[in-house]
Each structure stands twice: as C-alpha cells, then as structure tokens.
Amino acid sequence: MDNLTHSLAGAVLGRMGLKGLSPRAMPALIVSANLPDIDSWIAPWVGLSARTFHRGFTHGVGGLVVLPFVTVAMIWLWERLRPGKDGPIRIDGLLLACFLGTLSHPILDFMNTYGVRFLEPMSHRWFYGDTLFIVDPWIWIMLILGLEFSWWAERRGKNWQTPAIGMFGLVLAYIGLNAAISSTAVAAARPLIERVEQPRMIVAGELPLTFWKRQVMWRGEKLGGTVDYDPLLGARLDPGIVPLNLDDQRLATAAKTDPEVCNFLFWSRMPQVIERDGHAYLSDQRFPALRRVTFMVPLDKR
C-alpha cells in the first residue's frame, strides 16, 4: 500500500490507545508503520534492483525482529537531542508500539497483487492477498475520519479511543468485503475461461476507486487474458487473448546470462514475453497499464 495509508494506519493504532504505551509512542507508531519500505533505498547498496529487493526481508520475519529495535533507537536518539514534556520514554512500551506498527505494514501490503515475502530470510516464497488496490482512497477516508472523530472527542473530554476503534473495525469490514468480491470474481470468471483453455492461474486484479469491480487475469499453458467482473453486470471475457510466449528462445537465453532477467523472474508472478516495436520484452500480466522500465525487461540487447 502507499505510505499515506501506512502513516494513517499507524496514527489510528495510536488513537486506539497504543499511544499510551510510552511517551513518543505516537510518532514511533507512524515511523515504524513506514520503515519496512526502507528496502527500496537499501537495494542499490546490496547490488539488487528495488523491484527485486522490495517486500522481502524488511516485510518479513527478519524485519519484525530488527526494525522495531531500529525505530526505538531512532526515537531514543531524538529524545536525547530534544527531550519531550511527557517524561522519559518507557522502552518496553515503546518497543511493543514499534512492533505493532511494523507488523501493520506487511499485513496491509499483503492485500494487493504485488505480494509480500512474509518468511524472509528463511524462505523466498511470495504471498498474495488479491484484495485491495495499492492506493485506496476509501481507506484514506475511513482512517482520516477515525482520527478526526478521535481528536474531536478528546478535545471535549470524551472517550477518544472508541471512534478510532470503530473506524478500524470498519476498515477491517471493508477489507473483508473486498476479499469476498475477489473470491466471487474468480469463481464467476472460471467457467468463461475454461471455454478457451484450462486455467493454470486466475488472479483477481483490483481497480482504483471502483473497489466493487475486478479485472480478473488468467493464464493457461500457452495463452493468457482477462475477464471484466462487475457484481451488477456479471463476468465478461475479454476477446483480447494473447500468447504468453514463455517458450521464446530469447527468454531461455537471457535467463541464463542476464541478471536483470533472473531478478525479474524471481519477482514476477505472471511472466510473459511481449513484442514492442519489433523487440521482445519480459513483462508481467499484473501490470499491463504500467509497462515501463520498472515492469519491462528487454530480452534482445541493442
């Protein structure tokens, strides 16, 4: 998910009562909820592309062990430089807040088709939720309202935790609804796909703003395509069925010699070879509208 969502999630966790764990717990929750994305900045230092390194160690078990301590160290150093008015920080409470803030990040990132490697560094396996689009303004609205109602209640001396808890519960219900829509979309698309080819993979692709719709992506042994799903209109098979071209000799050759192609295949969930302007590229079905440098790797070097 985007970093605004992660920041709002950390803030709402604080308004639910976690900010009482320690002075500075509120900024610690927001920082820790974003810190796993530091992997995109670290990637060049370890000789990997951001695409390959992202959502790995810092989003997995390793990150949950290391990053809360990193956040506590950052907050402690800031407290030493600029002591707060609420008294000394409580390390145990601050560490718990940082752990929960860090944990919120991979859970949210799991919700979309990009995936998360929860078990890093023990396993490189990807996990996919296929539930939320990577930027979801509806979640922004719910989390912002939760914060605003909580602040409003606190200013009036009322229970300020209840509004945040209520909106957090509404977000969970929204995620559950989206998971049900994705499951229904896959079930509705399957019989249409089977008329063309026996599917090996069916993925419910989320759409921005229109959360109730899905672009279902599918692939068989050699062909791939999409199905448009709307709960009101049902499922419609897109006639634009294309070959996956995974038997292209250029891919087989590049996979043995080109590190960038190997990195892309490690990351890719639905790889395919496409032709553009007479040249071959390795791409991914999940991001057809974003086939730029990030999601396309040339197979025939110029």
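Two strands pair if DSSP finds at least two bridges between them; strands (E, at least two residues) and helices (H or I, at least four) are DSSP runs numbered from the N terminus. The model here is predicted, so local features need pLDDT of at least 70 and side-chain atom pairs count only at pLDDT 80 or more, while totals for chains, interfaces and linings use all residues. Residues are numbered from 1 along each chain as its sequence is written, and side-chain values use heavy atoms, without hydrogens and water.

**Exercise 1.** Find how strands E6 and E7 are joined.

*Solution.* Start with E6 (residues 271-276) and E7 (residues 279-284): they run antiparallel, with six bridges between them. Next, pick isoleucine 274, whose bridge partner in E7 is tyrosine 281. Then look at the hairpin, where two residues lie between the strands and aspartate 277 takes a positive phi near 55°.

**Exercise 2.** Describe how helices H2 and H6 meet.

*Solution.* First, take the axes (lines fitted to C-alpha atoms over the stretch in contact, with angles from 0 to 180 degrees between N-to-C directions). Those of H2 (residues 25-34) and H6 (residues 91-109) come within 7 Å and cross at roughly 35°. Now list the contacts (heavy atoms within 4.5 Å): the H2 residues include Ala28 and Leu29, and the H6 residues include Leu94 and Cys98.

**Exercise 3.** Is cysteine 98 buried or exposed?

*Solution.* Recall the cut-offs: buried is under 20% relative accessible area, exposed over 50%, partly exposed in between (1.4 Å probe, protein chains only). Cysteine 98 counts as buried because its relative accessibility is 0%. By contrast, cysteine 262 is partly exposed, at 33%.
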